[in-house]
Amino acid sequence: MDEVVDDTVEVNFKFRFSVKSGRDVLEMEHVSKSYGDHIHILKNSSGRIERGDKIALIGANGKGKSTLLRIIDSSEPIQTGTRRSGHNVIKSFFAQHQLEALNVENEILQELAQAGSDKTEMELRNVLGCFLFRDEDVFKKIKVLSGGEKSRVALAKTLISEANFLLLDEPTNHLDMQSVNILIQALQQYEGTFVTVSHDRQFIRGVANKIWYIEDLELKEYPGTYAEFEAFQAKVQAEKAAEEAGKNQEAAKQKAETSAPKKPRSEKQSPEQAAAKKALKQKQRQLEEIEKALMLAEKRCQEQEALLADPALYADAARMQQEQALYAQYQEDLNVKTTQWEQLVEEVDQLTAETEG
Ligand SMILES: Nc1ncnc2c1ncn2[C@@H]1O[C@H](COP(=O)(O)OP(=O)(O)OP(=O)(O)O)[C@@H](O)[C@H]1O
Ligand SMILES: [Mg+2]
């Protein structure tokens, strides 16, 4: 395979458009969306997009991300609510089915030239170069292209259009890492507005300044980058865990207090109870240790995430790979420690019950 591998590719083309949109790009109010009687996506949900917003729409499979993107695009009917597009908003939509919309008989350059923009051949070749089509490559017919190559052509088409508002549904599917980095650079330079659905954490980290997700049939917004969002989530989780732990302790204390009077202090504890008590003490100490280690592991992951979010890193592919490998290692360590912690919590609970037995 003659795959192009060039780590030095830099996007030196400005993806410009001639018409700037108004400040308000889209306003959705009280939107409800269901498919039939059983599949509910949104209920009375509102959202607002302003010029310059670079939104990553994230969430598990089937949550309704693609549906929401089509709602934003106005191509998906809704049951209730309104959506209002702002002044001078020019949209361009990218989804996997766009690959099938490419004219298979066209050559790549021709396909771009027909995209309705008034760019010169030089400019188009420049854009195609950014997407790794060089020299004679631009005369390849669409029908011979691989899935990844077709994706790159369709993305180039989306980006050269005069659109000032891009809607991208999983644009990094089929792309290798180099192309993902190129797309990240292109979107960082893009001066318009976009919403992109993605599961690709590296991509989301690289491009988004806001995070959207659907929770309890409602559209939620986190007004920050993905790294900040993840740190925020980790904090919420930690607080929840701490609250749980506090509750457990409190419950155990109360249980001990209320059950104590029933058993006179002088009553001798059974050897089993004494052993359980000793084991409990030991486990509690272990739990304290692992909690400390867990906090450190979390912190290390967050710091590495922040490091990976630095666009400067993309210029150095070798180092980025190293840092990503390190991140994977830290995450694995965090997972192992979390599992250990969960096990210990369970054991402590059980021993607590036995000592009170
Ligand atoms: N036209 C349709 N008719 C009926 N159900 C649909 C239709 N389109 C989507 N759905 C259902 O709505 C839910 C949300 O689908 P959607 O494609 O929006 O999810 P998604 O978040 O994009 O998922 P993924 O991450 O897998 O792409 C799914 O349960 C899906 O099966
Ligand atoms: Mg989808």
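Let's take Lys 119: is this residue buried or exposed?

Reply: Lys 119 is buried, with a relative accessible area of 15%; buried here means under 20%, exposed over 50%, and partly exposed in between, with a 1.4 Å probe and protein chains only. Before going on, keep in mind that this is a predicted model, where local features need pLDDT of at least 70, side-chain atom pairs count only at pLDDT 80 or more, and totals for chains, interfaces and linings use all residues, while side-chain values use heavy atoms, with hydrogens and water left out. Residues are numbered from 1 along each chain as its sequence is written, with chains lettered from A and ligands numbered from 1 in the order in which they are written.

So who does Lys 119 pair with? Its side chain meets that of Glu 162 in a salt bridge, 3.7 Å from N to O. That bridge links distant parts of the chain, 43 residues apart: Lys 119 sits in the loop between helix H2 (108-113) and helix H3 (121-130), and Glu 162 in the loop between helix H4 (147-160) and strand S6 (165-169). Helices (H or I, at least four residues) and strands (E, at least two) are DSSP runs, numbered from the N terminus. The Glu 162 end is partly exposed, with a relative accessible area of 24%. A salt bridge here means a side-chain nitrogen of Lys or Arg within 4 Å of a carboxyl oxygen of Asp or Glu. Side chains of opposite charge can pair when their charged atoms come close.

Just after H3, Leu 132 takes a positive phi of about 70°. Most residues other than glycine have a negative phi. Neighbours within four places in sequence aside, Ser 179 is in contact (heavy atoms within 4.5 Å) with Leu 132 and Arg 152. Ser 179 counts as buried because its relative accessibility is 3%.

Glu 170 has a phi near 50° and lies in the loop between S6 and H5; with a relative accessible area of 19%, Glu 170 is buried. Asp 216 also has a phi near 50°, in the loop between strand S8 (210-215) and strand S9 (218-222), but Asp 216 is exposed, at 66% relative accessible area.

Back to charge pairs: the structure holds 27 salt bridges. One of them joins Glu 76 and Lys 33, at 2.9 Å from N to O. This pair, too, links distant parts of the chain, 43 residues apart, with Glu 76 in the loop between helix H1 (65-73) and strand S4 (80-85) and Lys 33 in strand S1 (residues 24-35). Both ends are tucked away: Glu 76 counts as buried at 10% relative accessibility, and Lys 33 counts as buried at 3%. Glu 76 has a further partner in Arg 70, with a bridge of 2.7 Å from N to O; Arg 70 counts as partly exposed, at 30%. Elsewhere, Asp 24, Glu 27, Arg 48, Glu 50 and Arg 84 are linked in a network of salt bridges.

Ligand 1 is surrounded by 13 residues (a heavy atom within 4 Å), and the closest are Gly 62, Gly 64, Lys 65, Ser 66 and Thr 67. A polar backbone atom of Gly 64 is 2.9 Å from one ligand oxygen, a polar side-chain atom of Ser 66 lies 2.8 Å from an oxygen, and an N or O atom in the side chain of Thr 67 is 2.5 Å from an oxygen. Taken alone, ligand 1 exposes 640 Å², and the protein buries 60% of that (Shrake-Rupley areas with a 1.4 Å probe). Strand S2 (39-50) and H1 are the elements giving two or more residues to the shell, and H1 gives the most, with three. By type, the shell divides into four nonpolar, six polar and three charged residues; Gly counts as polar, while charged means Asp, Glu, Lys and Arg, and nonpolar means Ala, Val, Leu, Ile, Met, Phe, Trp, Tyr, Cys and Pro.

Technical notes:
A polar contact is a pair of N or O atoms within 3.5 Å; within protein, one must be able to donate a hydrogen and the other to accept it, and residues adjacent in sequence count only if both atoms are side-chain atoms.
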